[in-house]
Amino acid sequence: MPAQNTAVLGAQWGDEGKGKIINHLARSHDWVVRFSGGPNAGHTIYFEGRKLVHHVLPSLHVGSAARGWLGSAMVLDLEKLVAELARFEEPFPGFGRRFTIDRDAFLILPWHRAEDEHLEGLRRTAIGTTRRGIGPAYADKVARRGVRIGDVHSPRLLPALEELHATKRGLYPTLELAPAREVADALRRQLDSLLASGMTLSTTVESARDFEGASILYEGAQGIMLDIEFGTYPYVTSALCGLAAIHACGFARWMPARVLGVIKAYCTRVGEGPFPSEVHGDEGDAIRRAGGEFGATTGRPRRIGWLDLPALRYAAQKGGITHWVMTKQDILDGRPTVPVCTAHEVDGRELHTPANADQLARARPVWRELPGWAGHADPRFRDYARFVERETGVPLLLVSHGPATEDITDWK
Ligand code: IMP
């Protein structure tokens with residue numbers, strides 16, 4: 001009996017610890033499918049004492065037989081992908097053979113990275129992007145001038161790049177941009193190197209037979225609160241982060257039966273934007289240190305906050321979340337009390353669930369202090385977990401209570 005198709009979504013502002021959960025579940029699935037974003041993500045896992053950071057390669061378990069699929073709604077930077085694969089191939093030769101890239105995925109070009117940097121500098125309030133070129137690559141896709149990985153070995157490549165180069169020169173006359181021919185040569189070399197590792201290109205139509213009857217684990221990136229549709233716009237990423245992105249990758253026939261929303265026992269955010277339950281000062285610093293809350297991709301310190309139940313109710317509804325998975329439970333061990341934001345005060349009214357991200361952006365937190373706990377088996381932590389389940393109407397499936405792979409408990 002194959003495992004159910006399962007999606008793992010971030011239910012906060014990213015960095016919820018999805019990598020470890022995906023890696024844990026990947027052992028019992030045939031496929032791990034990354035369906036959105038690009039090298040802005042950083043999913044950290046530990047295997048046999050090694051720390052491995054996945055930016056775009058699906059977080060499959062090295063010791064399993066699972067295969068990885070890089071979906072067409074992602075944006076891929078081939079230069080970075082070659083470097084990422086090399087970091088895995090060194091300890092695990094042949095790793096590249098386990099991955100297939102959808103040839104319809106769009107490319108992040110060196111120009112996009114320069115543009116991301118440039119636009120951040122022009123904004124009155126920067127978004128605080130990862131500067132990986134994500135927004136400009138998705139913008140070119142939507143503006144119908146993007147370049148796909150399937151174009152790299154086609155005669156279309158150079159004319160498409162030359163046209164895009166001319167457009168960028170018109171838009172950003174001061175920006176230094178490598179010539180189109182140089183970019184084309186580099187792309188061909190990079191794709192050849194990926195294919196030489198055994199990585200393959202395909203589409204969900206060509207590979208449909210591989211998915212029929214197989215169990216698929218969908219690996220979310222970023223989180224519902226950073227989603228281009230549902231998140232705290234404009235302080236969001238440029239991608240869909242929920243189920244719509246799985247559809248966009250062509251997996252409509254194999255949609256997940258379970259949608260797991262990953263949350264920390266508290267909350268973090270990197271970059272600018274609303275964060276109603278944020279804590280400043282020594283208290284935030286202490287949690288940042290204890291939880292190692294520094295970005296896996298950029299190394300930036302993460303902003304810290306307490307659990308925000310209205311934001312979770314909102315994420316559960318927008319994301320279609322069927323279960324929670326809570327991570328970093330141990331980071332709050334030993335505290336006398338744990339504050340939780342139970343409602344938002346907006347325009348003098350107390351709200352249970354924000355109607356949209358704008359209400360969330362204007363919210364002031366209403367707090368409740370719950371008793372702290374000594375560890376995940378402590379009945380007071382069970383009370384905290386039950387409180388979250390009751391208040392959000394979503395059951396908890398797993399709790400991660402330490403950095404090691406085995407520090408995950410089924411929650412019943
Ligand atoms: P971009 O995705 O690089 O355009 O960045 C847009 C916003 O999303 C910024 O606030 C980033 O910090 C945030 N962001 C993007 N990727 C991640 C992630 O993987 N974890 C957490 N925040 C992210």
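# Reading a predicted fold, feature by feature

Q: Does Asp-347 count as buried or exposed?
A: With a relative accessibility of 62%, Asp-347 counts as exposed. The cut-offs are these: buried means under 20% relative accessible area, exposed over 50%, and partly exposed in between, with a 1.4 Å probe and protein chains only. Before we go on, a word on the source: this is a predicted model, in which local features need pLDDT of at least 70 and side-chain atom pairs count only at pLDDT 80 or more, while totals for chains, interfaces and linings use all residues. Residues are numbered from 1 along each chain as its sequence is written, and side-chain values use heavy atoms, with hydrogens and water left out.

Q: Where is Asp-347 placed, and what is its phi?
A: Start with the general idea: most residues other than glycine have a negative phi, and most peptide bonds are trans. Asp-347 has a positive phi, near 50°, and sits in the loop between strand S16 (337-346) and strand S17 (349-351). Helices (H or I, at least four residues) and strands (E, at least two) are DSSP runs here, numbered from the N terminus.

Q: What is the phi of Gln-222, and is Gln-222 buried or exposed?
A: Phi of Gln-222 is also positive, near 55°. Gln-222 belongs to the loop between S10 and helix H8 (243-248) and is buried, at 9% relative accessible area. Pro-234 lies in that loop between S10 and H8 too, and the peptide bond joining Tyr-233 to Pro-234 is cis, with omega about 5°.

Q: Let's turn to the sheet. What is the order of its ten strands?
A: In general, strands of a sheet pair through backbone hydrogen bonds, either parallel or antiparallel. Here two strands pair if DSSP finds at least two bridges between them. This sheet is open, its pairing is mixed, and its order reads S9-S7-S5-S2-S10-S1-S11-S15-S19-S20. At the edges are strand S9 (200-202) and strand S20 (408-410), each of which pairs on one side only. Neighbouring strands are turned by 25° against each other on average, direction ignored.

Q: How many bridges join S1 to S10, and which residue is the bridge partner of Val-8?
A: Strand S1 (residues 6-10) and strand S10 (residues 216-219) run parallel and are joined by three bridges. Val-8 has Glu-219 of S10 as its bridge partner. Helix H1 (residues 18-26) packs on this sheet, and its direction makes about 170° with that of S1. The strands it touches include S1, S10 and strand S2 (31-34). Contact means heavy atoms within 4.5 Å, and axes are lines fitted to C-alpha atoms, for helices over the stretch in contact, with angles from 0 to 180 degrees between N-to-C directions.

Q: Which residues of S7 are buried?
A: Strand S7 (residues 99-102) is covered on both faces as well: Phe-99 and Ile-101 are buried on one side, Thr-100 and Asp-102 on the other. S5 and S7 run parallel, joined by three bridges, with Leu-70 opposite Ile-101. Three bridges also join S7 to S9 in parallel, and Asp-102 is partnered there by Ser-202.

Q: What is the angle at which H3 and H4 pack?
A: Two packed helices are described by the angle between their axes and the distance between the axes. Helix H3 (residues 110-122) and helix H4 (residues 134-142) pack at about 115°, with axes 7 Å apart. The residues making the contact include His-112 and Glu-115 of H3 and Ile-134 and Pro-136 of H4.

Q: Which residues of H9 are buried?
A: In helix H9 (residues 281-291) they are Gly-284, Ile-287, Arg-288 and Gly-291. Viewed down the axis of H9, they fall within an arc of 105°, so they line one face of the helix; the arc is that of the directions from the helix axis to the C-beta atoms. The face turned away carries the exposed residues Asp-282 and Arg-289.
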